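This report walks through selected local features of one protein model. Keep the sequence and the 3D view side by side while reading.

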Amino acid sequence: MENNRVEYKEKLTDNLEKEVVAFLNYKEGGSVYIGIKDDGTVIGIENPDEIQRKIKDRLVSNICPNIMGLFDVLCEQLDNKKVVKISLASGMQKPYYIKNKGMSESGCFIRIGSSAQPMPTQMIEDLFKKRVQYTIADIPSRYQDLTFNQLKIYYEGKGKRLNENFARNLELLTTDGKYNYLAYLLADNNNLSFRYAEYENNTKIKLKKLSEYGFCSIIKALNFILDKLEVVNDTFARITDASYYREESRRLDPVALRELIINAFVHNDYSSGDTPIIEQFSDRIVITSYGNLPQNLSKEDYFNGVSSPKNRELMRIFKDLELVEQLGSGMNRVMSVYDRSNFEFLDSVLRVTLPFKEGFEAKGKLKSKEKSKEKSKEKSKEKSKEKSKEKIESFLKLNPACTTQELVKLTGFSRSGVEKILKSLKEEGCLIRIGSDRKGAWKIVKK
């Protein structure tokens, strides 16, 4: 018999959305059966496949907010007759409502006993105040002529292939089938810029260089920033007169730095129109991202690695591409190296300041300081050539779709210098080009 978690319907009717909304707003969810009378008599349906398709289309198109992942539509056999079962979970973005009725008493319903009842205005307002805010998947993209060749290359690089339904599978569409803001972030071309500022000293008085990475897939822009910081955070040495030891160290912990950059990208509030900013001073790196902590996440939870992704759809893609591992695991590594004093929570802004390490770790004995400068210079020149090749290979390994102009921007080499290195690598059999110059990608060949 029908109860607070079960609803029977003889056939698919116009009020299906009402029943579904009521279960989504109910604390325990529920199930709707098509092909069963109110008294529990199974009468079955003749065309379960068509009914299932219609139900899925209606639920996705006619209910807000997006309920993908909250329902399942199955065909079951009861009393030797086929019925359709709609299983519904309780949603996190209450109140759910019928799209063309709006967030009102005629559009919002709640399950009371064995029936769906209109939700009182006060309950609607209270639930809305507690509601998890809209995500970038709910915001339509201003531009709809989007392409995703870069995204496909990154997925293929991880042994995964995006099929023709990838836009819906990755939640790149709004409920009415348009590309959303997540799709815009991941598209080959967009108007988003991620800034990297370099200052002469430890103040903002004199800007040495401002680089902009972006106008492309956010994945590609992120890899550009990570590549840039890999160079900035290179191992360096200090030699003292007190000993003949060469002491070397990275300026910042590389794992923690990578984690904090990825966090800034994946948790940034893009609905504000702002993007993360990285600033390099003579004594520190400052990472700024926009947006407050999620309503259900305290600072204590944040520092303890409790995960509550602000952009869960983007986090899912980052996980597919192995940019993140288990949710929240990276913060544990960060907090093992840095402490809470490095974090600053401002109005709608999170700022992380990472000071360059002052001490260096001893790595081995150093040859006499009176070593021939001329010989050292020749060695340095050869080493520089090899290092330049390694740097190009490193960028191409992480970003196979990287263009010559982008390599110029990343490395600081001249265009002719980059072209010579690419030519040399190809002649040595270490590098091949797959596809056209415009849409193709580089492949590193291990010899």
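## Basis of the report

Two strands count as paired if DSSP finds at least two bridges between them. Helices (H or I, at least four residues) and strands (E, at least two) are DSSP runs, numbered from the N terminus. The model is predicted, so local features need pLDDT of at least 70 and side-chain atom pairs count only at pLDDT 80 or more, while totals for chains, interfaces and linings use all residues. Residues are numbered from 1 along each chain as its sequence is written, and side-chain values use heavy atoms, with hydrogens and water left out.

Strand β18 covers residues 431–434, and strand β19 covers residues 441–444. They pair in the antiparallel sense over four bridges. R433 stands opposite W442 of β19. Six residues separate the two strands of this hairpin. In the turn, G435 has a positive phi of about 90 degrees.

## The α13–α14 pair

Helix α13 (residues 404–411) packs against helix α14 (residues 415–427). The angle is about 110 degrees, and the axes lie 9 Å apart. Axes here are lines fitted to C-alpha atoms, for helices over the stretch in contact, and angles run from 0 to 180 degrees between N-to-C directions. α13 is therefore roughly perpendicular to α14; that label covers 65 to 115 degrees, with under 35 roughly parallel, over 145 roughly antiparallel and the rest oblique.

From α13, the contact (heavy atoms within 4.5 Å) uses T404, Q405, L407, V408 and T411. From α14, R415, V418, E419 and L422 take part. By class, the contact residues of α13 and α14 are four nonpolar, three polar and two charged. Ala, Val, Leu, Ile, Met, Phe, Trp, Tyr, Cys and Pro count as nonpolar, Asp, Glu, Lys and Arg as charged, and the others, Gly among them, as polar.

Strands of a sheet pair through backbone hydrogen bonds, either parallel or antiparallel. Here four strands make an open sheet with mixed pairing, in the order β1-β2-β5-β4. β1 (6–9) and β4 (71–78) are the edge strands, each pairing on one side only. From one strand to the next, the twist averages 20 degrees.

β1 pairs with β2 (residues 30–34) in the parallel sense, over four bridges. V6 has S31 of β2 as its bridge partner. Helix α2 packs on the sheet and touches β2, β4 and β5 (81–88). The direction of α2 makes about 160 degrees with that of β4.

## Two helix residues

E19 sits in helix α1 (residues 16–25). Its relative accessibility is 7%, so E19 counts as buried. Buried means under 20% relative accessible area, exposed over 50%, and partly exposed in between (1.4 Å probe, protein chains only). Beyond its neighbours within four places in sequence, E19 contacts E7, K9, V32, R111 and A116.

K54 belongs to helix α2 (residues 48–62). At 35% relative accessibility, K54 is partly exposed. K54 and L12 are 42 residues apart in sequence and 9.2 Å apart in space, C-alpha to C-alpha.

## Backbone exceptions

Most residues other than glycine have a negative phi, and most peptide bonds are trans. The C64 to P65 bond is cis, with omega near -10 degrees. The K94 to P95 bond is cis too, with omega near 0 degrees.

D79, not a glycine, has a positive phi of about 50 degrees. D79 lies in the loop between β4 and β5 and is exposed at 60% relative accessibility.
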